[in-house]
Amino acid sequence: MVPDLSADLCARLREAFLTAGYTADGVVGVLGTQAHAALGRGEPEPARRACRDAGALGTLIRLFLLGDAEPEAAVRAALGSVDLADAVAASVVTPAGRAGLDIRPYEDDWWVVADLDSELRGGAVPADHVLGVGHASINLARATARRPVGTLLDLGTGCGVQALHASTHVSSITATDVSGRALALARATFRLNEIDVELCEGEWFAPVAGRRFDQVVCNPPFVVGPARVDYTYRDSGLDGDGASAMIVRQLPGFLAEGGVGQLLASWVHRSGEDWAERVRSWLPPGVDAWFVQRDIADPALYVGTWLRDAGIDPRSAEGRAKANAWLDWFAAGGIEGVGFGYVTLRRTGSADAEVVCEDLRHAYDDPLGPEASRWLDNVAWLRDHDKSLLRTRFTVPETVVLEEVSAAGEEGWAPVVRRLHRMDGPGWQHEIDEPTAKLLAGCRGALPLEDLLALLAYAYGEVDTEEALRVVRDLVRHGMLTA
Ligand SMILES: C[S@@+](CC[C@H](N)C(=O)[O-])C[C@H]1O[C@@H](n2cnc3c(N)ncnc32)[C@H](O)[C@@H]1O
């Protein structure tokens, strides 16, 4: 049965949550940071102890965050003006006094409505499971450019989390999903948060055929495997990395000129095949594209991770059978690994669109969204100034430092590695040679690049101008040289 949380029920739930203090801050306030962190690690006891005497808020925490059964009187009291029979009919709570849905505070006094995960259900999730806010959702939200725009499409909205974030910078939001259940829960999320979102049901881009958006975000069902759908939230029904390929190919057609699309995506790694060539081949012309590979998983790690994600024990008979079938599929396709990362696309209409595929596999803290906006700006600047780069007075920002590693030799310490680090954003690093280090030392905003190259030629005999321009372009894209 698809849960139907009416506008009236959501308004009453919202009021009850605000009255009890069932908000992100309220929950941390009662639990304390240690019990809250323990709950995040799947260790509920410290939280259970901390909210023992917390009244209505304690009831809501036990009900929705700990999965406990609560006495009827306590549930009635915690839900305030909500009629308990309505809450049961809408699957918010069960007749046994347990949560029927996962309704939890999220970020700035938002709530997200989703299905109970396998831990709270106590078993594997069904095929039409609607995922709550997971690592992938948060990764995409943090990697999304947040400049004010008029229209945004959230493709595959699920519980509605990307659209929630979009509500901070977009005037008009459209969210689609193939799953009627997902749309019902997303609708409840938007009603609880008093956010107006157009909801459309259908496969991929079909519900928005012929329309254009200023921005598109998509956390697709990108799991790589045979062409079948075990779980709607993660399986596309397309073979291998077909879902990522199809979205990258089609998304630009739904962008307004200059519009930006961002998605999470996966791509297979085959022996002798360059992943960058593979993902480039998915692109239509006239699109700036930035593929950032965050990680590569080998087939064993990949299969184990996704079995556990669905609540399937890889040691169980079901787990072993699924693992074998999946690993056979990887082996038959010659697939050695699965790359995963972020894709940023901009419709430019320009014949010399920029496509960059790069690894970003070290740990960093800053969200990638501002960097994505900056990357797009830097790429546009480079396109506009391609003919005048040599006349540009560049500056190395203060956040960029040079690390030198030296080895002891006959004549004392001799530098063996020179590495440029950006200390903010994603912490880009570039290994450079001695002449480049000298060139960058001169980039103080005073002399044009051509003068610095002339000085370098004087010191070193000759310089390769084309190679210097290639390095300069790379550094500009990474925000390590500014004009
Ligand atoms: C990984 S979930 C992402 C949910 C949410 N946007 C987030 O960021 O957490 C993928 C979503 O895509 C939806 N989906 C799966 N197949 C689809 C298809 N063929 N067309 C449209 N949406 C689809 C699923 O129902 C699910 O809600």
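This is a predicted model: local features need pLDDT of at least 70, side-chain atom pairs count only at pLDDT 80 or more; totals for chains, interfaces and linings use all residues.
Reader: Nice. How many bridges join strand 11 to strand 12?

Author: There are 10 bridges between strand 11 and strand 12 (residues 412–422), and the two run antiparallel.

Reader: And what is the strand order in that open sheet?

Author: The order is 11-12-13, three strands with antiparallel pairing. Strand 11 (400–409) and strand 13 (429–431) are the edge strands, each pairing on one side only. From one strand to the next, the twist averages 30 degrees.

Reader: Which way does strand 7 pair with strand 9, parallel or antiparallel?

Author: Antiparallel, over 11 bridges, with strand 7 covering residues 255–270. One example is Val 268, whose bridge partner in strand 9 is Val 338.

Reader: How about strand 8 and strand 9: how many bridges join them?

Author: Strand 8 (residues 287–297) is joined to strand 9 by 10 bridges, and they run antiparallel. Trp 290 has Thr 344 of strand 9 as its bridge partner.

Reader: Good. On to helix 13, then. Which of its residues are buried?

Author: In helix 13 (residues 299–309), the buried residues are Pro 299, Tyr 302, Val 303, Trp 306 and Leu 307. They lie on the same side of helix 13, because they cover an arc of only 120 degrees around the axis.

Reader: Why would residues three or four places apart point the same way?

Author: An α-helix has 3.6 residues a turn, so residues at that spacing point the same way.

Reader: What covers the buried residues of helix 13?

Author: The cover includes strand 8, strand 9 and helix 14 (317–332).

Reader: Which glycine follows helix 13?

Author: Gly 311 does, and its phi is positive, near 80 degrees.

Reader: Last topic, the whole chain. What does the secondary structure come to?

Author: The chain has 18 helices and 13 strands. Its C-alpha atoms fill a box of roughly 85 × 50 × 50 Å along the principal axes.

Reader: And what share of the chain is buried?

Author: Of the 483 residues, 40% are buried. Among contacts with a separation of 6 or more, 65% involve residues 24 or more positions apart.

Terms used: Residues are numbered from 1 along each chain as its sequence is written. Helices (H or I, at least four residues) and strands (E, at least two) are DSSP runs, numbered from the N terminus. A residue is buried if 20 or more other C-beta atoms lie within 10 Å of its own, exposed if 12 or fewer, and partly exposed in between; C-beta atoms are placed from the backbone. Two residues are in contact if their C-beta atoms, placed from the backbone, lie within 7 Å. Two strands pair if DSSP finds at least two bridges between them. The arc is that of the directions from the helix axis to the C-beta atoms. Axes are lines fitted to C-alpha atoms, for helices over the stretch in contact, and angles run from 0 to 180 degrees between N-to-C directions.
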